[in-house]
Amino acid sequence: MMEQLTVKALYNLEETIAKAIFDGVTYPWEVLPKIGAFIVELGNTLSEEEYDKVGDNVWIAKSAKVAPSAYINGPAIIGKGAEVRHCAFIRGNAIVGEGAVVGNSTELKNVILFNKVQVPHYNYVGDSVLGYKAHMGAGSITSNVKSDKTLTTVKTSEGAIETGLKKFGAMLGDEVEVGCGSVLNPGTVIGSHTNIYPLSMVREFVPANSIYKKRGEVVEKY
């Protein structure tokens, strides 16, 4: 079980400009406190022929499309061919992967979006890592702080893993599909190629190649 929660099990690191942040890391949430400093370090190495530096520690690929109404606060990197749509709000500490879509009124904060991630309609994604081609349906969000403000744990069938983090949204593996209107509670980890039904409330580890219908009803894909 614990092996399924590792960076190696969840992600293809060839599909992110942030590959180096995962060096020496076992679980993906371990990178959350490092994102801001990593972006500044990485941004200063990016090619001036491929990226424009705008504002304070914001790098935007020349091939990216950013709506005039979008707001991007640094540190942030917007990758090649990415699309940041009308009224998107990027609060800082955000890496938007190549070909990714950040949609209308979507808010990002302290996140890594791998290549081809889509958060296209009214999403909030905070303190999270979304793997290659992960997609969040309209209105689905990550909840990143527990209501009692205690430190987040990752719940598994073999027990809970202490993270030491107060703010922790969700870790989505490669090609995860999250249905519209779903809430991913603090400490959620979803294995690759898993589908989450619309209007779900998730607060634990969901194995790879599964369909999450509701709590206690998770079936394997065939």
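Colleague: How many aromatic pairs does the structure hold?

Modeller: This is a predicted model, and it holds six aromatic pairs. Tyrosine 11 and phenylalanine 114 form one that is stacked, with 5.0 Å from centre to centre and 25 degrees between the planes. Tyrosine 11 is in the loop between α1 (7-10) and α2, while phenylalanine 114 is in the loop between β10 and β11 (118-121), so the pair ties together parts that are 103 residues apart in sequence. Both tyrosine 11 and phenylalanine 114 are buried.

Colleague: What kind of pair do tyrosine 71 and phenylalanine 89 form?

Modeller: Tyrosine 71 and phenylalanine 89 form a tilted pair, at 5.8 Å centre to centre and 55 degrees between the planes. Tyrosine 71 belongs to strand β4 (residues 71-72) and phenylalanine 89 to strand β7 (residues 89-90), so this pair ties together parts that are 18 residues apart in sequence. Tyrosine 71 counts as partly exposed because its relative accessibility is 47%, and phenylalanine 89 is also partly exposed, at 36%.

Colleague: Which residues form an aromatic cluster with Tyr11?

Modeller: Tyr11, Phe22 and Phe114 form one aromatic cluster.

Colleague: How should I read a helix, and which residues of α2 are buried?

Modeller: The general idea comes from helix geometry: an α-helix has 3.6 residues a turn, so residues three or four places apart point the same way. In helix α2 (residues 35-43), the buried residues are Ile35, Gly36, Phe38, Ile39, Leu42 and Gly43. Viewed down the axis of α2, these buried residues fall within an arc of 160 degrees, so they line one face of the helix. Ala37 and Glu41, on the other side of α2, are exposed.

Colleague: What covers the buried residues of α2?

Modeller: The cover includes four strands: β2 (58-61), β5 (76-78), β8 (94-96) and β10 (107-113).

Colleague: How do I read a nonpolar core, and which residues of the largest one touch the most other members?

Modeller: In soluble globular proteins, nonpolar side chains tend to be buried together. Here the largest nonpolar core has 67 residues, and Trp29, Ile112 and Leu172 touch the most other members. Leaving aside residues up to four places away in sequence, leucine 172 touches Tyr11, Val129, Leu130, Gly131, Ala134, Met136, Val178, Leu184 and Ile190.

Colleague: Is valine 84 buried or exposed?

Modeller: Valine 84 is buried because its relative accessibility is 1%, and the cut-off for that class is under 20%. Valine 84 is found in strand β6 (residues 83-84). Beyond residues up to four places away in sequence, valine 84 touches Lys65, Val66, Ala67, Ala70, Ile78, Ile90 and Val102. The C-alpha atoms of valine 84 and isoleucine 39 are separated by 18 Å, and the two residues are 45 residues apart along the chain.

Colleague: Where is asparagine 185 found, and which residues does it touch?

Modeller: Asparagine 185 is found in the loop between β19 (183-184) and β20 (188-190). Asparagine 185 counts as buried because its relative accessible area is 9%. Its contacts, not counting residues up to four places away in sequence, are Ser143, Gly169, Met201, Val202 and Arg203.

Colleague: How do I read the backbone, and which residues does a cis peptide bond join?

Modeller: A cis peptide bond joins glycine 74 and proline 75, with omega at about -5 degrees. Proline 75 lies in the loop between β4 and β5. Asparagine 93 is not a glycine, yet has a positive phi of about 55 degrees; this residue is in the loop between β7 and β8. Serine 105, also not a glycine, has a positive phi of about 60 degrees and lies in the loop between β9 (101-104) and β10. Asparagine 93 is partly exposed at 25% relative accessibility, and serine 105 is partly exposed at 34%.

Colleague: How many helices and strands are in the chain, and what is its radius of gyration?

Modeller: The chain has two helices and 25 strands. A compact globule of 222 residues would have a radius of gyration near 17 Å, so the 16 Å of this chain agrees. Along its principal axes, the C-alpha trace spans about 50 × 35 × 35 Å. Of the 222 residues, 52% count as buried. The chain exposes about 9800 Å², with carbon and sulfur atoms supplying 50% of that area.

Technical notes
Residues are numbered from 1 along each chain as its sequence is written. This is a predicted model: local features need pLDDT of at least 70, side-chain atom pairs count only at pLDDT 80 or more; totals for chains, interfaces and linings use all residues. Side-chain values use heavy atoms; hydrogens and water are left out. Buried means under 20% relative accessible area, exposed over 50%, partly exposed in between (1.4 Å probe, protein chains only). Contact means heavy atoms within 4.5 Å. A nonpolar core is a set of buried Ala, Val, Leu, Ile, Met, Phe, Trp, Tyr and Cys residues joined through side-chain atoms within 4.5 Å. The arc is that of the directions from the helix axis to the C-beta atoms. Rings of Phe, Tyr and Trp (its six-membered ring) pair if their centres lie within 6.5 Å; planes under 30 degrees apart count as stacked, over 60 as edge-to-face and the rest as tilted. The radius of gyration is taken over C-alpha atoms; the globule rule is 2.2 Å times the number of residues to the power 0.38. Accessible areas come from the Shrake-Rupley method with a 1.4 Å probe; for residues, only the protein chains shown count as cover.
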